[in-house]
Amino acid sequence: MAKKKRGAGQTALVTGASAGIGIDLAECFAKDGYDLVLAARTAPALEEVAQRLASTYGVKATAIAVDLGAIGGGAKLAAEIAARGITIDVLVNNAGFGHAGAFAAEPAEPQLGMIDLNVRALTELTHIYWKDMLARGRGGVLNVASTAAFQPGPMMAVYYASKAFVLSFSEALWEEARGTGVKVSCLCPGPTASKFRERAGTGRTRLGKSSKVMASAPVARMAYTAFRNNTRVVVTGATNKATIAAARMLPRGQVLKIVRGMMEPA
Ligand SMILES: NC(=O)c1ccc[n+]([C@@H]2O[C@H](COP(=O)([O-])OP(=O)(O)OC[C@H]3O[C@@H](n4cnc5c(N)ncnc54)[C@H](OP(=O)(O)O)[C@@H]3O)[C@@H](O)[C@H]2O)c1
């Protein structure tokens, strides 16, 4: 008799599943038997991912197009999910974007947009599903931060700060969930192949030109394994781990200068 898959009978909501790391994260959950709800703004891309994963892994996959950057976007998504009679067991807060440039030189809209999506929507969705996860004593939250979470980021200040929030928030919830059966992991990738760089404008920076870019599939697999094991924080790749260790050891003033140098145009 075939072994029952870990996620059978459960549903994972993956935000930002129309591109990049989110597609691979969704695939990891589907492979393990989870049904999926996939959310992002671009309906055709989402539908394509949903159909492929449903037919490859024999799971149910529902695509819901929504702008999570709009205030109340998380509640709107949750209402659409509830209207379809779907219960969410695992929440993967992956949707996010970056915007590079000096704070004074950049318009307010993308700066505030990063807070609305990377911070507000992530917190809103977590708040919506968290209590029920604790009551059920299973499931959990996989949040996507970044190596940017570990230090301030002059020349991309709001993005770095938004990811510091995600890391701090995730670690705090991990502790609040201790002993309940609910898992919390925070994925902190370094540069990863996706559409991120195009939208963020980081390709022109020294970091963008010099850094080693990881493929998104192994990044997602590391995150999935970490989530399964309830590992609090996962940093992808040896170089990224070494960079974070150095940032923790060096004086903050020096770190700020180094990061600024990396985030300036090459
Ligand atoms: N790639 C990297 O180098 C890197 C490094 C560290 C951390 N990260 C983090 O990894 C996560 C995934 O990014 P990625 O690299 O896979 O980038 P990506 O290829 O640009 O994918 C971003 C995803 O988020 C969705 N999204 C963007 N704005 C949205 C909105 N307003 N409402 C709903 N969905 C929205 C996008 O779909 P639509 O455009 O269809 O809405 C897409 O599915 C992000 O949180 C990012 O900060 C990425």
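The structure is a predicted model, in which local features need pLDDT of at least 70 and side-chain atom pairs count only at pLDDT 80 or more, while totals for chains, interfaces and linings use all residues. Residues are numbered from 1 along each chain as its sequence is written.

Helices (H or I, at least four residues) and strands (E, at least two) are DSSP runs, numbered from the N terminus. A residue is called buried if 20 or more other C-beta atoms lie within 10 Å of its own, exposed if 12 or fewer do, and partly exposed in between, with C-beta atoms placed from the backbone. Strand E5 (residues 140–144) is largely enclosed by the rest of the structure, because 5 of its 5 residues are buried. Both of its faces are covered, with Gly140, Leu142 and Val144 buried on one side and Val141 and Asn143 buried on the other.

Two strands pair if DSSP finds at least two bridges between them. Strand E4 (residues 90–93) runs parallel to E5 and is joined to it by 4 bridges, and Asn93 has Asn143 of E5 as its bridge partner.

**Helix H3**

In helix H3 (residues 73–83), the buried residues are Gly73, Gly74, Leu77 and Ile81. They cover an arc of only 100° around the axis, so they lie on the same side of H3; the arc is that of the directions from the helix axis to the C-beta atoms. Ala79, Ala82 and Ala83, on the other side of H3, are exposed. The buried residues of H3 pack against strands E1 (11–15), E2 (35–40) and E3 (61–65) and against H4.

**Around the ligand**

A residue is near a molecule if its C-beta atom, placed from the backbone, lies within 6 Å of it. Of the 30 residues around the ligand, Gly16, Gly20, Arg41, Thr42 and Gly96 come nearest. Helix H1 (20–31) gives the most to this shell, with 3 residues.

Most residues other than glycine have a negative phi. Which residue has a positive phi near 80° although it is not glycine? That residue is Met155, which lies in the loop between E5 and H5. Asn230, with a positive phi near 55°, is found in the loop between helix H8 (216–228) and strand E7 (233–235).

| Residue | Other C-beta atoms within 10 Å | Class |
|---|---|---|
| Met155 | 23 within 10 Å | buried |
| Asn230 | 15 within 10 Å | partly exposed |
| Ala39 | 30 within 10 Å | buried |

Ala39 and Val92 are 53 residues apart in sequence and 10 Å apart in space, C-alpha to C-alpha. Neighbours within four places in sequence aside, the contacts of Ala39 include Leu13, Ile64 and Leu77, where contact requires C-beta atoms, placed from the backbone, within 7 Å.

Key: Two residues are in contact if their C-beta atoms, placed from the backbone, lie within 7 Å.
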